[in-house]
Amino acid sequence: RFFRGLPSKCPSADHLQSPFVKESFNQSKMDGFWYELAMKDCTQLRMCSCQTSNKQNDGDTLHDEFSLECAGDTYFANLTFALQPTPGVLHATWNSIIPLVDRIIWPNMVVDVEEDDEGNYEWMIEFQCIQGRSFFGVEWIAFYAFNFYSRRYNVPGRVNIMEARARERGLGPFIDHWKPMAIIDHSSDCLYGH
């Protein structure tokens, strides 16, 4: 039942990425501060809010300091993304205190972006997917998640626009699967970066 409605294999960058990302993606435009507007992670509980991401390029590496707020405190985590040959595809590792988690490679793909009038990335959709090992010939997806990031958190209708674009790109089965997409609360109660 958990896998009902999902494809049996993780979609490829060629299948999901917008033509703009395939042809013109510029990793340096990921630099800076982002607000996570919406997300879905097939493993994550939804007890937190105010998620942000501060991304910094360093050659073929992208560093991401991620923050979220739970129970009145701000928590930070950081990831390191290694640039891959396909534009907009990066492999992430957590820099945590849990050695097992640090060993997992988390494939991350930029699915689509929207530029502002000056050519900067104004919003971005990221998708992560890990293919499970075939089990008696049955293919399955072991993990998936997606994130809607924006430079601003208070633009009316932005999540709807991003969801429509994500569906156009083929993320509909993941948006509709199991539990609904989480809309992130960025209220005045946020402690960090707001």
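**Strand pairing and aromatic contacts**

Strand E4 and strand E5 (residues 89-94) pair up antiparallel over five bridges; strands pair if DSSP finds at least two bridges between them, and strands (E, at least two residues) are DSSP runs numbered from the N terminus. The model is predicted, so local features need pLDDT of at least 70 and side-chain atom pairs count only at pLDDT 80 or more, while totals for chains, interfaces and linings use all residues. Residues are numbered from 1 along each chain as its sequence is written, and side-chain values use heavy atoms, with hydrogens and water left out.

In this pairing, Leu-83 stands opposite Leu-90 in E5. Five residues sit between the strands of the E4-E5 hairpin, and Gly-88 takes a positive phi near 80° there. Thr-61 has Ala-82 in E4 as its bridge partner. Two residues lie between E3 and E4, and Ala-71 in the turn has a positive phi of about 50°.

As for the rings, the whole structure holds ten aromatic pairs (Phe, Tyr and six-membered Trp rings with centres within 6.5 Å; planes under 30 degrees apart are stacked, over 60 edge-to-face, the rest tilted). Phe-33 and Tyr-35 make an edge-to-face pair, 5.2 Å centre to centre with 80° between the planes. Together with Phe-76, Tyr-153 and Tyr-192, Phe-33 and Tyr-35 form one aromatic cluster. Charges turn up too: the charged end of Arg-151 sits over the Trp-34 ring, 3.8 Å from its centre (NZ of Lys or CZ of Arg within 6 Å of the ring centre and within 35 degrees of the ring normal).

Methods: Helices (H or I, at least four residues) and strands (E, at least two) are DSSP runs, numbered from the N terminus.
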